[in-house]
Amino acid sequence: MTLTFEQTNLLDIFCKVMCNKPKIRFCGIINPMGRMVAGSFKDNILPLDNEEQRQMLYMQSKLELSMKAEFNENLGNVNFVVTYRDNVIIINIPSDNQKFHILISAERVSNPQEIVKEVANLFKQMEYEIRAPDD
């Protein structure tokens, strides 16, 4: 799925809104190839890694969700995946159409379920406008 300029712009707005929420450090949209197509860090947040490491994280998160999707028929769809690290929490949330996913980095003291709920509510509001004409 190739995103239009307008769709990418809406996804960037979505990520900026999420980054304005407390305890969220980063919000990005990752495409099926593991590349970030929209997103950014919260203002005044310094990344804990370099650009090359972040690119690897994006690809790894997409691969992880793809591998977990192999069991969707028997176990049901993946709703989200949370990885607790010493310094941050990483949350992967697949989109309903499974064409891309939302990657969130949050402070370690965050409540991932609350963040996922906020993401889902906001994303559902924007989803119709983001959909590609062929969806």
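1. Helix H2 (residues 51–69) lies across S1, S2, S3, S4 and S5, and its direction is at about 120° to S5. Helices (H or I, at least four residues) and strands (E, at least two) are DSSP runs, numbered from the N terminus. Angles run from 0 to 180 degrees between N-to-C directions, with axes as lines fitted to C-alpha atoms, for helices over the stretch in contact; contact means heavy atoms within 4.5 Å.

2. This is a predicted model, in which local features need pLDDT of at least 70 and side-chain atom pairs count only at pLDDT 80 or more, while totals for chains, interfaces and linings use all residues. Residues are numbered from 1 along each chain as its sequence is written, and side-chain values use heavy atoms, leaving out hydrogens and water.

3. Five strands form an open sheet in the order S2-S1-S5-S4-S3, with antiparallel pairing (two strands pair if DSSP finds at least two bridges between them). Strand S2 (36–41) and strand S3 (81–84) are the edges, each pairing on one side only. On average, neighbouring strands are turned by 15° against each other, direction ignored.

4. S3 and strand S4 (residues 88–94) run antiparallel and are joined by four bridges. Thr 83 has Ile 90 in S4 as its bridge partner.

5. Helix H1 (residues 5–19) lies across strand S1 (24–30), S2 and strand S5 (101–107), at about 160° to S1.

6. Lys 23 sits in the loop between H1 and S1. Lys 23 and Ala 106 are 83 residues apart in sequence, but 5.5 Å apart in space, C-alpha to C-alpha.
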